[in-house]
Amino acid sequence: MNGVILKQAQIAHADERRTILPICNGDFTAKQIKIIEVKKGNILGNHCHRYKEIRYMFKGRANYFLEDYYTHEKSNMNMEQGDIMITDPWIVHAAEFIEDSIMIEGTEEAYWSAEKNDIFKKIR
């Protein structure tokens, strides 16, 4: 789908001391980074933003439902542990969590509130 990148995180370096697994490296700049813990069975989202977002599935699984706000192009993508998803502005997203999950999420703009940052559109 245009405006969405889904890829597996790749180890940049590993030796006997450590492993380095970059979530982004020049392809995203964040003004906010958060850790989200979600219980199995919950659906989050049903909104889009005026800015890009990045997500890293640290643990768990979720089914993502995506729709371009303007063209109405739709796609479904599964995120599993180790996956990275980058969404462009105006990509409506909703996620149904298949397992208890931990995600790391970054946004290009600071997050103040749902009223200020989210444009709601129910797709799931």
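Is H72 buried, partly exposed or exposed? H72 is partly exposed, with a relative accessible area of 47%, where buried means under 20%, exposed means over 50% and partly exposed is in between (1.4 Å probe, protein chains only). This is a predicted model, in which local features need pLDDT of at least 70 and side-chain atom pairs count only at pLDDT 80 or more, while totals for chains, interfaces and linings use all residues. Residues are numbered from 1 along each chain as its sequence is written, and side-chain values use heavy atoms, with hydrogens and water left out. Let's take a tour, topic by topic.

**The largest pocket**

- Rolling a probe the size of a water molecule over the atoms shows where empty space is left.
- A pocket here is an open set of points on a 1 Å grid over the protein atoms alone, where a 1.4 Å probe fits and protein lies on both sides within 12 Å along at least five of seven lines.
- About 240 Å³ of space lies in the largest pocket; such a volume is the space filled by probe spheres set on the grid points, which are joined across faces, edges and corners.
- The lining of the largest pocket has 18 residues, and a lining residue has an atom within 4 Å of a point.
- Nearest the centre of the largest pocket lie I36, L44, H47, H93 and E105.
- Two or more lining residues come from each of β4 (32–38), β5 (43–48), β6 (53–59), β10 (91–97) and β11 (101–107); these strands are DSSP runs of E, at least two residues long, numbered from the N terminus.
- By type, the lining of the largest pocket divides into 8 nonpolar, 5 polar and 5 charged residues. Ala, Val, Leu, Ile, Met, Phe, Trp, Tyr, Cys and Pro count as nonpolar, Asp, Glu, Lys and Arg as charged, and the others, Gly among them, as polar.

**Aromatic rings**

- A pair of aromatic rings is described by the distance of the centres and the angle of the planes.
- A search of the whole structure finds 3 aromatic pairs. Rings of Phe, Tyr and Trp (its six-membered ring) pair if their centres lie within 6.5 Å; planes under 30 degrees apart are stacked, those over 60 are edge-to-face, and the rest are tilted.
- One of the pairs is Y69 with W90, which is tilted, at 5.2 Å centre to centre and 45 degrees between the planes.
- Y69 lies in the loop between β7 (61–68) and β8 (74–80), and W90 in the loop between β9 (83–87) and β10, so this pair ties together parts that are 21 residues apart in sequence.
- Y70 is exposed, at 55% relative accessible area.
- Together, Y69, Y70 and W90 are linked into a cluster by ring pairs.
- K34 lies over the face of Y111, at 5.3 Å from the ring centre. For a charge to sit over a ring, NZ of Lys or CZ of Arg must be within 6 Å of the ring centre and within 35 degrees of the ring normal.

**Cysteines**

- A disulfide is a covalent bond between the sulfur atoms of two cysteines.
- The structure holds 0 disulfides, counted as pairs of cysteine sulfur atoms within 2.5 Å.
- C24 is partly exposed, at 34% relative accessible area, whereas C48 is buried, at 0%.

**Backbone angles**

- N46 is not a glycine, yet has a positive phi of about 60 degrees.
- N46 sits in strand β5 and is buried, with a relative accessible area of 12%.
- H72, also not a glycine, has a positive phi of about 70 degrees and lies in the loop between β7 and β8.

**Distances along and across the chain**

- K31 is in the loop between β3 (19–20) and β4 and is exposed, at 59% relative accessibility.
- K31 and A110 are 79 residues apart along the chain, and their C-alpha atoms are separated by 5.3 Å.
- I43, in strand β5, is partly exposed at 38% relative accessible area.
- I43 and V4 are 39 residues apart along the chain, with 19 Å between their C-alpha atoms.
- E16 is in the loop between β2 (13–14) and β3 and is exposed, at 75% relative accessible area.
- E16 and G26 are 10 residues apart along the chain, and their C-alpha atoms are separated by 27 Å.

Technical notes: Helix = DSSP H or I, 4+ residues; strand = E, 2+ residues; numbered from the N terminus.
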